[in-house]
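Dear colleague,

Please find below the structure that I am handing over to you. My notes on what was found in it follow directly after.

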Amino acid sequence: MASDSPESLMTLCTDYCLRNLEGTLCYLLDNETLRLHPDIFLPSEICDKLVNEYVELVKTDSIFEPHESFFTLFSDPRSTRLARIHLREHIVQDQDLEAIRKQDLVELYLTNCEKLTAKSLQTLVSFSHTLISLSLFGCCNIFYEEENPGGCEDDCLVNPTRQVLVKDFTFEGFSRLRFLNLGRLIEGVNVETLLRPLASLAALDLSGIQLNDVGFLTQWKDSLVSLVLYNMDLSEEHIQVIAQLRKLRHLDISRDHLSSYYKFKLTRRVLNLFVENLVNLTSLDISGHTMLENCTIPSMEEKMGQTSIEPAKSSIAPFRGLKRPLQFLGLFETSLCRLTHIPAYKVSGDKNEEQVLNAIEAYTEHRPEITSRAINLLFDIARIERCSQLLRALQLVITALKCHKDDKNIQVTGSAALFYLTNSEYRMEQSVKLRRQVIQVVLNGMESYQEVTVQRNCCLTLCNFSIPEELEFQYRRVNELLLNILNQSRQDESIQRIAVHLCNALVCQVDNDHKEAVGKMGFVMTMLKLIQKKLADKTCDQVMEFSWSALWNITDETPDNCEMFLNYSGMKLFLECLKEFPEKQELHRNMLGLLGNVAEVKELRPQLMTSQFISVFSNLLESKADGIEVSYNACGVLSHIMFDGPEAWGICEPHREEVVKRMWAAIQSWDINSRRNINYRSFEPILRLLPQGISPVSQHWATWALYNLVSVYPDKYCPLLIKEGGIPLLKDMIKMASARQETKEMARKVIEHCSNFKEENMDTSR
């Protein structure tokens, strides 16, 4: 299960070694095959961990690169020892098992390894003398081998190899084998013949196998302590055989009530038979069964007294014969789980949060179809009520999503549950590690499924996190996934809106390296395409506004991205948006903010020097849209252009002096106490306009900007101005003959504000 405790040193070292095999344990032979360094000897505790963690990384971490020759590192038991390994799904192939055939394995779990064929059956024989525990759950091809029916080369072309069922394999020689899982074994294999050589089985799982005759199980009546017959269609004969297995401590005859039609009905008599004969039983699972009503005690008596787990008070009549409460009782999707007195410490069911969490915990590994429905119940609990076992709930859902990365139903229900389990109400109860685990499984889901519901749930869940801070450890990956969503030709409108919002949040308040990296991924082009599509639809919605806002953020002090904006016809779209949506104030503010960033790049300013663009910027000086923001940003663009001097003014209309005049008028019309819809990370672009005499109006705009910000937001901007060396620049500017008197007056007030701020915040404690 997902853990909330800090990672052990062993886990951290294992992870590091696996991600850096060549730099730690291995070297490359012939530039392709991994080889262990000759002076290395690793005990089983380390080797087991390396193999099991490797499988986990390949399965759940898309960045991790699998190595074709990884399992060959463990081919020689003189340098590496394996004892207990758990291998899953497509990660493992015949040659991988063959590579470790000399190891003395004690425990081998193979789960849903569909690439394994009958070649691996022969490899299993290599482990027969040491193997105690074996699982072949879901290895549906392991009893098939390839056969060429013709036997000659010409015939091969006509009749390609076909799959033939192996019927002569048995567990002969597996003398130490005690625990065996054959769940979902392929039809046609004779289970009785296969198992007969095993002298003293202790645990057997035959999930999903249909057997009319299970009489052979009685050969282990003195040794079998655990029997799982999930989804086996039972009969009276089955029940009679089970009742003879008197050593049983765990019995699972549960079923998926949705999977198919079952004739068998569970009755008081059957449960009585189990209670009377299976006296050692501590765990029983009868989930999914149709229960006949004669199993329960009368309703009036059932509701009496405080809830009790004492068998004598049991609401399920047959269980009154138990000598002690069961450790576990599986009642998921049965009517019995809603009764008051259930004689078990742990119950799986759908009555309340505790029962639902028990169900997820019990069924996640091998029963995704049940787990999905249990998580759906948890989703309703988290959505409607308050989840009282938040930590456990989160850990169980994370584990289920990791375990069943390719199961659509679990990804849909799990991602929906995560949205509610990570919202602000639960925020304080979650550690950094746990929230990172949530982000990882959410991104896995986005990678694996283009399906609308999964994508929407995952995007919404990401919105519950502090962005960009909490997503920064997966920064590149999350951006790539969001851009992939936005680049799809047909995309759900709500997902598009959430994805653009996330993209915008991700490029706000991050350093320039991050912005440049995201720009190279195609961020600028993607946003411009979205804008183009909205223009074609004549729609100015949140997607349009967020797209411009995202471009504003990603171009901040990032010249490469500014250049991309111009190269991809950004100015054309700017003009078209102004024309199409003349009343959209928020849009105008975002567009002008972006162009302010472009204008800060000296090499790009000549591209803004056209009569059309300068006229547009000049006209926007008089805009009252969004308070002063549109006018302020338009003036900022022109201030940087003016900073290049009269010789750079390569147009006849409008005249430079006329534009300067309009800029002065605009600045004088603004309220110095205006609260701002803007966020400066650095004053550097503004400060560079101070020590110059070529454009007094640019100098004045820069001084007004500083005065406004330190007046309205002193706590934020006084320290920033002091830190970036603004005070000496303002003092030098006051001495300049070319600076206007009103600009100098304003500069003195800025210095005074910062001086007062320093004094107020000076630490006078001793």
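Which elements cover the buried residues of helix 10? Please bear in mind throughout that this is a predicted model. The cover over those residues includes strand 12 (283-285), strand 13 (326-330) and strand 14 (344-348), together with helix 11 (368-384) and helix 12 (390-403). Helix 10 itself runs over residues 353-363 and is mostly covered, with eight of its eleven residues buried. The buried residues are Glu-353, Gln-355, Val-356, Leu-357, Asn-358, Ala-359, Ile-360 and Tyr-363. The N-terminal end of helix 10 is capped by Asn-352, which places a side-chain oxygen 3.3 Å from the backbone nitrogen of Glu-354.

The phi angle of Glu-333 is near 55°, a positive value in a residue other than glycine. Glu-333 has a relative accessible area of 18% and is therefore buried, since the cut-off for that term is under 20%. Glu-89 likewise has a positive phi, near 50°, and is not a glycine. Glu-89 belongs to the loop between strand 3 (84-88) and helix 3 (94-99), and its relative accessible area of 12% makes it buried.

An unreviewed UniProt entry lists residues 401-755 as "domain: Protein zer-1 homolog-like C-terminal". In the model, this span is 66% helix and 0% strand, and its end C-alpha atoms lie 56 Å apart.

Two packed helices are described by the angle between their axes and the distance between the axes. For helix 17 (residues 493-507) and helix 19 (residues 523-536), the axes come within 12 Å and cross at roughly 140°. Helix 17 is therefore oblique to helix 19, and helix 17 passes helix 19 in a left-handed crossing. On the side of helix 17, the residues that meet the partner are Glu-493, Gln-496, Val-500, Cys-503 and Val-507. Helix 19 contributes Phe-523, Met-527, Leu-530 and Lys-534.

Is Lys-534 buried or exposed? This residue of helix 19 has a relative accessibility of 7%, so Lys-534 counts as buried. Leaving aside neighbours within four places in sequence, Lys-534 is in contact with Glu-493 and Gln-496, and also with Thr-539, Asp-541, Val-543 and Met-544. Glu-493 and Gln-496 are residues of helix 17. As a guide to the layout of the chain, Lys-534 and Ser-75 are 459 residues apart in sequence, and their C-alpha atoms are 59 Å apart in space.

The second pair consists of helix 22 (residues 570-580) and helix 23, which pack at an angle of about 155° with their axes 11 Å apart. Helix 22 and helix 23 are therefore roughly antiparallel to each other, and helix 22 passes helix 23 in a left-handed crossing. In helix 22, Met-571, Phe-574, Cys-577 and Leu-578 meet the partner; in helix 23, the residues concerned are Leu-587, His-588, Met-591, Leu-592 and Leu-595.

Several loops between helices also hold details worth noting.

- Thr-610 lies in the loop between helix 23 (585-599) and helix 24 (611-620). With a relative accessible area of 28%, Thr-610 is partly exposed. Its side chain reaches the backbone nitrogen of Phe-613 at 3.1 Å. Thr-610 and His-129 are 481 residues apart in sequence and 85 Å apart in space, C-alpha to C-alpha.
- Asn-423 lies in the loop between helix 13 (408-421) and helix 14 (432-448). Asn-423 is buried, at a relative accessible area of 18%, and its side chain reaches the backbone oxygen of Tyr-420 at 3.2 Å.
- Pro-468 is placed in the loop between helix 15 (452-462) and helix 16 (475-486). A cis peptide bond joins Ile-467 to Pro-468, with omega about 10°.
- Pro-654 is placed in the loop between helix 25 (629-642) and helix 26 (656-669). Here a cis peptide bond joins Glu-653 to Pro-654, with omega about -10°.

With kind regards

Notes. Residues are numbered from 1 along each chain as its sequence is written. This is a predicted model: local features need pLDDT of at least 70, side-chain atom pairs count only at pLDDT 80 or more; totals for chains, interfaces and linings use all residues. Side-chain values use heavy atoms; hydrogens and water are left out. Buried means under 20% relative accessible area, exposed over 50%, partly exposed in between (1.4 Å probe, protein chains only). Helices (H or I, at least four residues) and strands (E, at least two) are DSSP runs, numbered from the N terminus. Contact means heavy atoms within 4.5 Å. A polar contact is a pair of N or O atoms within 3.5 Å; within protein, one must be able to donate a hydrogen and the other to accept it, and residues adjacent in sequence count only if both atoms are side-chain atoms. UniProt positions are given in the numbering used here, feature names are shortened, and annotations may be inferred rather than shown by experiment. Axes are lines fitted to C-alpha atoms, for helices over the stretch in contact, and angles run from 0 to 180 degrees between N-to-C directions. Angles under 35 degrees count as roughly parallel, over 145 as roughly antiparallel, 65 to 115 as roughly perpendicular and the rest as oblique. A crossing is left-handed if the near helix is turned anticlockwise from the far one by less than a right angle, and right-handed if clockwise.
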